[in-house]
Amino acid sequence: MKIRKAMENDIKGIAQVHVNSWQSTYAGILPHHYLASLNIETRMKNWQRNLKMLHNVTFVAENSDGEIIGFASGGPEQTNDPHIQGEVYAIYFLKEYQRQGLGKQMIKTVIDELMKMGHKNLIIWALKDNPSCGFYETLGGLAVAEKTVKMAGIELIEVGYGWKDIQDILIHL
Ligand SMILES: CC(C)(COP(=O)(O)OP(=O)(O)OC[C@H]1O[C@@H](n2cnc3c(N)ncnc32)[C@H](O)[C@@H]1OP(=O)(O)O)[C@@H](O)C(=O)NCCC(=O)NCCS
C-alpha cells in the first residue's frame, strides 16, 4: 500500500472509492434510493473542484496494482469556528481494505500535513450512527460537538470529534 498526494488524474479513482464506500458505509443509515443514485460523474466534478482548493490537501492510498483503494482530505476548519483550526474532511477506504491498519497510516499522513500548515488543534465530523466513530474514539477523539444535518431528505446527527492538541492523535497511532 502506498499513500501519496492526490493528482488531477486520480479524480476517477477517488470518485469510485467515494461512491463505493458511501454505499457500503451508509447502508441502513441513509435511504437506499439515495445511495443507489450516487453517481461517479457527479463525484468527479466535486473532486475536480476539491483538488483545486489551495489550502486543502488530499491523499490517496494505492494497492500493489496501483488502484486507488482509499482517500482522505483535510484543511482549515470549515465553519470559521474561532476555536478550531484544522479539520479532516473525509477518510474513506473500500470495505475490503478496512480494519487492516490503513486508516491509521492515512490519518497520520493527513495530520502531518495539517501540522505543517500550522493547525494546532483538530475536529473530525462523523454521523453518530456510523460504526467508524469507533476509529476516532480509538485515536483519542472526544465528542466535543453535535449538530443535526439534513441529508437525502432526512435529519441525522453528526458528532464532532475533537483533539485540543493535534499532536495528541499521534500518540494513538
Ligand atoms: C474509518 C476508516 C477510515 C478507518 O480505517 P481502517 O483502516 O478501517 O482502520 P484501522 O484498521 O486503521 O483501525 C484502527 C483501529 O481503529 C478502531 N476502529 C476502526 N474502525 C472501527 C469501527 N468500524 N468500529 C470500531 N472501531 C474501529 C479499532 O480499534 C481499530 O483497531 P483494530 O482493527 O485492531 O481493532 C475505515 O474503516 C473506513 O473507510 N470506513 C468506512 C468509511 C467511513 O466511515 N469513513 C469515516 C467517515 S466520518
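Two strands pair if DSSP finds at least two bridges between them. Helices (H or I, at least four residues) and strands (E, at least two) are DSSP runs, numbered from the N terminus. The model is predicted, so that local features need pLDDT of at least 70 and side-chain atom pairs pLDDT 80 or more, while totals for chains, interfaces and linings use all residues. Residues are numbered from 1 along each chain as its sequence is written, and side-chain values use heavy atoms, with hydrogens and water left out.

**View 1. The hairpin of β6 and β7.** Strands β6 (residues 142-151) and β7 (residues 154-163) run antiparallel and are joined by 9 bridges. E146 has V159 of β7 as its bridge partner. Between the strands of this hairpin there are 2 residues, and A152 has a positive phi near 50°.

**View 2. The largest nonpolar core and V88.** A nonpolar core is a set of buried Ala, Val, Leu, Ile, Met, Phe, Trp, Tyr and Cys residues joined through side-chain atoms within 4.5 Å; buried means under 20% relative accessible area, exposed over 50%, and partly exposed in between (1.4 Å probe, protein chains only). The largest such core holds 47 residues, and those with the most contacts inside it include V88, I107, I111 and L122. Helix α4 (residues 102-116) gives the most to this core, with 6 residues. Leaving aside residues up to four places away in sequence, V88 is in contact (heavy atoms within 4.5 Å) with residues including S73, I107, I111 and L122.

**View 3. S73 in strand β3.** S73 belongs to β3 (residues 68-76). Its relative accessibility is 6%, so S73 counts as buried. Beyond residues up to four places away in sequence, S73 touches W47, V57, T58, V88, Y89 and A90.

View 4. In α3 (residues 40-50) the buried residues are R43, N46 and W47. They lie on the same side of α3 because they cover an arc of only 95° around the axis, the arc being that of the directions from the helix axis to the C-beta atoms. Their cover includes α1 (11-25), β2 (57-62) and β3. K45 and R49, on the other side of α3, are exposed.

**View 5. Residues around the ligand.** Of the 22 residues around the ligand (a heavy atom within 4 Å), I91, F93, R99, G101 and G103 come nearest. Ligand oxygen atoms lie 2.8 Å from a polar backbone atom of F93 and 2.7 Å from a polar backbone atom of G101.

How values were computed. A polar contact is a pair of N or O atoms within 3.5 Å; within protein, one must be able to donate a hydrogen and the other to accept it, and residues adjacent in sequence count only if both atoms are side-chain atoms.
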